[in-house]
Amino acid sequence: MSNSLTTPGIAPARLNPDVYAEHFDDLYPDYDPHEAMVAADRCYFCHDAPCITACPTEIDIPLFIRQIQAGQPEAAARTIFDQNILGGMCARVCPTETLCEGACVREAAEGKPVEIGRLQRYATETLIAKNSHPYTRQTPTGKRVAVVGAGPAGLACAHRLAMKGHDVTIFDRHEKPGGLNEYGIAAYKAAHGFAQAEVDWLMQIGGITLHQGWSLGTDGTLLELQEQFDAVFLGMGLAGVNALGLEGEGATGTRDAVDFIAELRQTSDLSTLPVGRHVVVIGGGMTAVDAAVQSRLLGAEHVSMVYRRERAAMSASDYELNHAANEGVKIITNAMPVAIHANGAMREVEFAYTRAGVTGVEPTGETFRLKADQVFKAIGQTLVGAPDGVALEGRKIKVDAAGRTSVPGVWAGGDCTGGGEDLTVTAVAQGRDAAESIHASLMNSGA
């Protein structure tokens with residue numbers, strides 16, 4: 001081993017080679033069939049179950065758990081996929097503690113909910129592992145739909161439309177489909193190539209063509225898509241990253257957290273990926289947590305995650321924040337960056353303590369510095385390349401409840417829209433619902 005935890009600066013191979021595989025293995029073990037049935041036995045199978053209401057895709061959770069209890073995991077998977085075609089990934093990455101499990105009656109009564117996420121993972125992965133697709137295409141309609149973006153919203157929309165007999169072409173700028181599921185989620189949450197395995201399984205529906213390496217505005221326009229297709233769905237996500245706005249932000253060692261996570265996810269030998277000895281992550285969401293935790297797992301000795309408001313305002317869940325702390329990440333709240341100190345390469349980040357003022361967060365006047373070889377910015381993403389003529393709302397695409405934009409024949413969903421919540425499950429729901437609206441529109445137009 002050429003380097004270690006204490007090697008100065010940004011360096012690869014800080015750990016023994018075999019440690020990387022251990023650090024980036026699945027965070028949670030799979031249930032075996034007996035464990036799944038025991039876990040399913042804890043469900044009360046509530047009438048008007050609050051867990052269903054708490055799920056953005058409205059999966060019939062008591063039904064699929066009862067099917068697991070009856071020894072029918074594949075039937076349970078079908079119940080899940082009927083509502084959420086990316087139910088396998090959502091079982092891995094959803095903040096279940098604030099959604100379905102947070103609403104579980106067992107949680108309210110005992111402080112320990114039914115492990116809905118793990119049960120969902122057990123069911124969906126049982127079916128996907130059989131390489132069996134439970135859906136077939138309806139009679140071809142002759143209608144063609146363009147989907148921009150192969151992320152959760154785009155994939156959910158494309159699958160539902162293909163299932164209804166439409167021909168779908170997905171345009172995406174990346175080499176691989178999957179969007180944030182492939183490029184933006186911590187590797188230990190989607191280990192062993194699961195994101196691509198799920199996409200491959202989804203594509204078995206047929207009727208979907210992938211056109212990769214294509215960006216809206218660069219390789220084609222919305223108007224051109226409208227001329228070639230009967231409907232268009234925009235699900236391109238958020239490609240831009242907010243800047244800190246500080247002098248020295250371009251210093252060597254400063255980069256966007258989303259780029260770091262994407263590089264890590266596409267690196268086959270993690271020992272070759274450099275990481276700083278002293279890492280500072282600025283932000284309070286899931287991207288910040290994933291960047292901070294994975295820095296530690298790569299061998300960073302000191303990792304601090306700094307957020308300008310109080311902990312309660314952080315968009316990352318308590319579960320994820322506690323996980324970060326358990327991995328050795330120091331979480332600092334009520335502090336905002338005010339200066340980057342570098343001499344070509346990063347040396348320190350200066351922060352001001354903050355408090356809630358009349359007009360929002362304001363500095364107290366007291367500052368401190370953190371040593372930093374590497375700084376990851378995770379302070380939110382922005383929409384880049386919004387098509388001309390599409391109305392925006394809060395710098396995102398404005399849509400109605402069915403996903404319609406201000407442009408006739410154009411729908412949108414996922415993080416690029418005003419209703420997006422930066423959750424995979426919400427994006428899936430929006431893509432699915434937009435597909436239903438598109439289908440109704442195409443059939444009513446005389447198809």
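Reader: How do H15 and H16 run, roughly parallel or roughly antiparallel to each other?
Author: Helix H15 (residues 286-298) and helix H16 (residues 318-326) have axes that come within 10 Å and cross at roughly 20°. Axes here are lines fitted to C-alpha atoms, for helices over the stretch in contact, with angles running from 0 to 180 degrees between N-to-C directions. Angles under 35 degrees count as roughly parallel, over 145 as roughly antiparallel, 65 to 115 as roughly perpendicular and the rest as oblique. H15 and H16 are therefore roughly parallel.

Reader: What pLDDT do side-chain atom pairs need to count?
Author: Residues are numbered from 1 along each chain as its sequence is written, and side-chain values use heavy atoms, leaving out hydrogens and water. This is a predicted model, where totals for chains, interfaces and linings use all residues, local features need pLDDT of at least 70, and side-chain atom pairs count only at pLDDT 80 or more.

Reader: Which residues of H16 make the contact with H15?
Author: Helices are DSSP runs of H or I with at least four residues, strands are runs of E with at least two, and both are numbered from the N terminus. Contact means heavy atoms within 4.5 Å. On the H15 side you'll find Met-286, Val-289 and Val-293, and H16 brings Glu-320, Leu-321, His-323 and Ala-324.

Reader: And how many nonpolar residues does that contact have?
Author: For the classes, Ala, Val, Leu, Ile, Met, Phe, Trp, Tyr, Cys and Pro are nonpolar, Asp, Glu, Lys and Arg are charged, and the others, Gly among them, are polar. Where H15 touches H16, there is one polar residue and one charged residue, while the nonpolar count is five.

Reader: Over at H9 and H12, what is the handedness of the crossing?
Author: The axes of helix H9 (residues 116-129) and helix H12 (residues 194-202) come within 10 Å, crossing at roughly 65°. A crossing is left-handed if the near helix is turned anticlockwise from the far one by less than a right angle, and right-handed if clockwise. For H9 and H12 it is left-handed.

Reader: How many of the nine residues of H12 are buried?
Author: Buried means under 20% relative accessible area, exposed over 50%, and partly exposed in between, using a 1.4 Å probe and protein chains only. Phe-194, Glu-198 and Trp-201 are among the buried residues of H12. The helix is mostly covered, with a buried count of seven.

Reader: How far from Cys-100 is the nearest cysteine sulfur?
Author: A disulfide is a pair of cysteine sulfur atoms within 2.5 Å, and the whole structure has zero of them. Cys-94 is in none, its nearest cysteine sulfur being that of Cys-90, 4.3 Å away. Cys-100 is also in no disulfide, and the sulfur of Cys-55 sits at 6.5 Å.

Reader: Is His-278 buried or exposed?
Author: His-278 is found in strand S9 (residues 278-282). Leaving aside neighbours within four places in sequence, His-278 is in contact with His-302, Lys-371, Ala-372, Asp-373 and Gln-374. At a relative accessible area of 11%, His-278 is buried.

Reader: What is the relative accessible area of Glu-393?
Author: Glu-393 has its place in strand S17 (residues 392-393). Beyond four places in sequence, Glu-393 is in contact with Lys-398 and Gly-418. Glu-393 is partly exposed, at 43%.
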